[in-house]
Amino acid sequence: MGQMIPDLAAAASRASAAKIKSNGISNGISNGISNGISNGISNGISNGISNGLNGAGKKCQYDPTFTQKVIAATGPNANPRLAQIFPSLVRHLHDFAREVNLTVGEWSAAVDFLNECGQMSTDRRNETQLLCDILGLESLVDEITTKQLATSTTQTPSAILGPFYRSDAPFFPNGTSIVQDLSPSLPWYDQALEDSAFLSGRVLSTDGEPIENAVVDVWHTAPNGLYEQQDAEQPEMNFRGRFRTDQGGRYALYALRPVAYPIPDDGPAGRLLGLLDRHPNRPGHIHFIVSAEGHRTLTTQLYDSRDRWVGNDAVFAVKDELVVRFEPREGDGQARWELGYDFVLGRC
Ligand code: BEZ
Ligand code: FE
């Protein structure tokens with residue numbers, strides 16, 4: 001289906017381009033955009049109030065058969081999942097446009113905005129995903145997916161993957177560190193020492209059985225709030241690693257207490273945050289992907305309870321069960337803090 005959507009979108013855009021040409025209305029669009037900007041908003045508001053949806057007890061001023069016409073255009077050989085969800089998408093989109101009296105100028109600005117997100121995206125930065133994140137869409141879809149697939153209520157809650165995952169982190173033996181090349185010349189050296197932490201726990205099945213040979217894939221930012229691929233000063237794969245659980249389902253590693261960081265806000269998604277008078281901050285968190293044979297893979301994050309943004313995450317990903325308290329660690333020259341956390345995986 002991943003293939004089908006772009007194909008259909010391309011076909012739709014070819015069809016609409018052909019229609020525009022044959023109707024000779026290509027100029028109309030650009031006129032419409034500029035008129036839309038200058039007139040649309042005030043017209044829309046006054047029409048909406050005097051004639052439209054917003055007028056209590058009055059009928060909609062727009063063609064009441066239009067949405068159904070668009071829905072009915074889907075053919076009998078459409079991709080089945082798309083045929084199932086497309087009517088709802090069209091209904092919600094059209095209802096939105098009518099409800100807010102969307103103008104051509106506003107629609108055109110939105111198209112430019114989406115294009116800019118796509119044009120900015122690379123394998124190092126996914127601006128469109130970032131847009132979904134600030135809309136809460138990645139978190140919502142994560143909740144829906146997890147609840148649809150859940151086989152038990154005791155499994156560890158999931159959280160979004162985020163755009164900074166790398167699938168090829170190195171494997172390390174249990175009890176080793178994901179912190180590379182910690183040198184006193186680093187500007188955040190002192191903070192790294194202060195936040196040094198030992199993480200350990202078990203990977204369990206929902207029936208409480210430890211899972212041997214589960215893979216715990218972990219990543220977080222440096223104390224400067226940057227993931228290694230965002231920061232030319234950090235070595236490749238810094239603060240990333242994969243660990244395999246032992247016979248008792250145990251994992252153990254050294255890392256750092258996580259710090260809050262702003263999501264990248266120098267692109268269109270950041271501009272939108274600004275227009276909405278919103279902040280870009282995520283609470284300090286550590287990412288995990290925990291996988292084991294016969295079990296559903298868990299993608300999640302643990303949030304440090306000390307963080308001021310825990311109750312106010314720019315991407316709405318925090319769940320209460322994932323907020324953890326680090327405790328002071330005694331007698332370990334490698335770590336000042338410790339965290340014990342068991343991950344519970346559902347069976348598949
Ligand atoms: C992250 O947790 O890495 C993240 C999630 C959403 C947007 C940006 C970053
Ligand atoms: Fe993150």
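Asn101 sits in the loop between helix H4 (80-100) and helix H5 (104-120); helices (H or I, at least four residues) and strands (E, at least two) are DSSP runs, numbered from the N terminus. The model is predicted, so local features need pLDDT of at least 70 and side-chain atom pairs pLDDT 80 or more, while totals for chains, interfaces and linings use all residues. Residues are numbered from 1 along each chain as its sequence is written, chains are lettered from A and ligands numbered from 1 in the order in which they are written, and side-chain values use heavy atoms, with hydrogens and water left out.

Asn101 is not a glycine, yet its phi is positive, near 50°. Its relative accessible area of 10% makes Asn101 buried (under 20% is buried, over 50% exposed, and partly exposed lies in between; 1.4 Å probe, protein chains only). Phe239, in the loop between S3 and S4, also has a positive phi, near 60°. Phe239 is buried at a relative accessible area of 0%.

## Iron site

Four residues coordinate the iron ion (ligand 2): Tyr227 and Tyr261 through OH, and His285 and His287 through NE2, at 1.8 to 2.2 Å. Donors are N, O and S atoms within 2.8 Å of the metal (3.2 Å for Na, K and Ca); water is not among the atoms, so sites may look incomplete. The six donor atoms of the iron ion (ligand 2) make angles of 55 to 169°, and the site is irregular. Four donors are tetrahedral if all angles lie between 85 and 135 degrees; four are square planar and six octahedral if opposite donors are over 155 degrees apart and all others between 65 and 115; anything else is irregular.

The donor residues follow the spacing Y-x33-Y-x23-H-x1-H in sequence. Tyr227, in the loop between strand S3 (215-219) and strand S4 (240-244), and His287, in strand S8 (residues 285-291), are 60 residues apart and link distant parts of the chain. Both Tyr227 and His287 are buried.

## Ligand 1

Ligand 1 is surrounded by 14 residues, the closest being Asp133, Tyr261, Arg282, His285 and His287; a residue counts as near if one of its heavy atoms lies within 4 Å. Oxygen atoms of ligand 1 lie 2.7 Å from a polar side-chain atom of Tyr261, 3.0 Å from a side-chain N or O atom of His285 and 3.3 Å from a polar side-chain atom of Tyr227. Taken alone, ligand 1 exposes 260 Å², and the protein buries 100% of that (Shrake-Rupley method, 1.4 Å probe).

## Aromatic pairs

Rings of Phe, Tyr and Trp (its six-membered ring) pair if their centres lie within 6.5 Å; planes under 30 degrees apart are stacked, over 60 edge-to-face, and the rest tilted. The count by this rule is nine aromatic pairs. Phe172 and Phe243 form a tilted pair, because their ring centres are 6.0 Å apart and their planes stand at 45°. Phe172 lies in the loop between helix H7 (137-149) and strand S1 (176-177), and Phe243 in strand S4, 71 residues apart. Phe172 is partly exposed at 24% relative accessibility, whereas Phe243 is buried at 0%.

Tyr251 and Phe343 are also tilted, with 5.8 Å centre to centre and 40° between the planes. Tyr251 in strand S5 (residues 250-256) and Phe343 in strand S13 (residues 343-345) are 92 residues apart. Both are buried, Tyr251 with a relative accessible area of 3% and Phe343 with 0%. Ring pairs join Tyr251, Phe288, Tyr341 and Phe343 into a cluster.

Methods: A polar contact is a pair of N or O atoms within 3.5 Å; within protein, one must be able to donate a hydrogen and the other to accept it, and residues adjacent in sequence count only if both atoms are side-chain atoms.
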